[in-house]
Amino acid sequence: QVQLVESGGGLVQPGGSLRLSCAASGTTFSINDMGWYRQAPGKERELVAHVTNGGSTNYAESVKGRFIISRDNAKNTVNLQMNSLKPEDTAVYYCNTKALSTIDYHYYNYWGKGTLVTVSS
């Protein structure tokens, strides 16, 4: 099993910034891709940003130029720096990882419990 613990959500005014962090832990797994997804009320969960083990990144069009994803492979952490926040960024943000089991060598998908980001004046 892999546990993902998110932190950093909260209330911020439009135009403000927040930094989300996620720490992955677990034995018998090798953390591979990591990313952030979000789910707004009444909407489906969507990809926000994703980073591979090698550092390649991709972003949702709606956050390009405003959000930056980064990771520390040694610590199995991933961060999301969110700048120029807009009310439409309001959502529960979930950390995600694809981890390789060192027992059966299959990939498994894990999710954090989510952290709420509210952008409002």
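Asn79 touches Arg19, Leu20, Ser21, Cys22, Trp36, Ile68, Ile69 and Ser70, residues up to four places away in sequence not being counted; contact here means heavy atoms within 4.5 Å. The residue is found in strand β8, where strands (E, at least two residues) and helices (H or I, at least four) are DSSP runs numbered from the N terminus. At 14% relative accessibility, Asn79 counts as buried; the term buried stands for under 20% relative accessible area, exposed for over 50% and partly exposed for values in between, with a 1.4 Å probe and protein chains only. The side chain of Asn79 also makes a polar contact with the side chain of Ser21, at 2.8 Å. A polar contact is a pair of N or O atoms within 3.5 Å; within protein, one must be able to donate a hydrogen and the other to accept it, and residues adjacent in sequence count only if both atoms are side-chain atoms.

The model is predicted: local features need pLDDT of at least 70 and side-chain atom pairs count only at pLDDT 80 or more, whereas totals for chains, interfaces and linings use all residues. Residues are numbered from 1 along each chain as its sequence is written, and side-chain values use heavy atoms, with hydrogens and water left out.

The largest nonpolar core has 31 residues, and those with the most contacts inside it are Trp36, Leu80, Met82 and Tyr93. Such a core is a set of buried Ala, Val, Leu, Ile, Met, Phe, Trp, Tyr and Cys residues joined through side-chain atoms within 4.5 Å. At least two residues of this core come from each of β3 (18-25), β4 (29-39), β5 (46-51), β7 (67-72), β8 (77-82), β9 (91-101) and β11 (115-119). Apart from neighbours within four places in sequence, Met82 is in contact with Gly16, Ser17, Leu18, Leu20, Arg66, Phe67, Tyr93 and Val117.

The structure holds one disulfide, defined as a pair of cysteine sulfur atoms within 2.5 Å. Cys22 and Cys95 form this link, with their sulfur atoms 2.1 Å apart. Cys22 lies in strand β3 and Cys95 in strand β9, so the pair ties together parts that are 73 residues apart in sequence. Cys22 is buried at a relative accessible area of 2%, and Cys95 is buried at 0%.

Strands β4 and β5 pair in the antiparallel sense over five bridges; pairing requires at least two bridges found by DSSP. Arg38 has Glu46 in β5 as its bridge partner. The two strands form a hairpin with six residues between them, and Gly42 in the turn has a positive phi of about 75°. β5 also pairs in the antiparallel sense with β6 (residues 57-59), over three bridges.

A search of the whole structure finds three aromatic pairs. Rings of Phe, Tyr and Trp (its six-membered ring) pair if their centres lie within 6.5 Å; planes under 30 degrees apart count as stacked, over 60 as edge-to-face and the rest as tilted. The rings of Phe29 and Tyr110 have centres 5.6 Å apart and planes at 90°, so this pair is edge-to-face. Phe29 in strand β4 and Tyr110 in strand β10 (residues 107-111) are 81 residues apart, and both are buried. Tyr37 and Trp111 form an edge-to-face pair, 4.9 Å centre to centre with 70° between the planes. Tyr37 is partly exposed at 22% relative accessibility, as is Trp111 at 36%.
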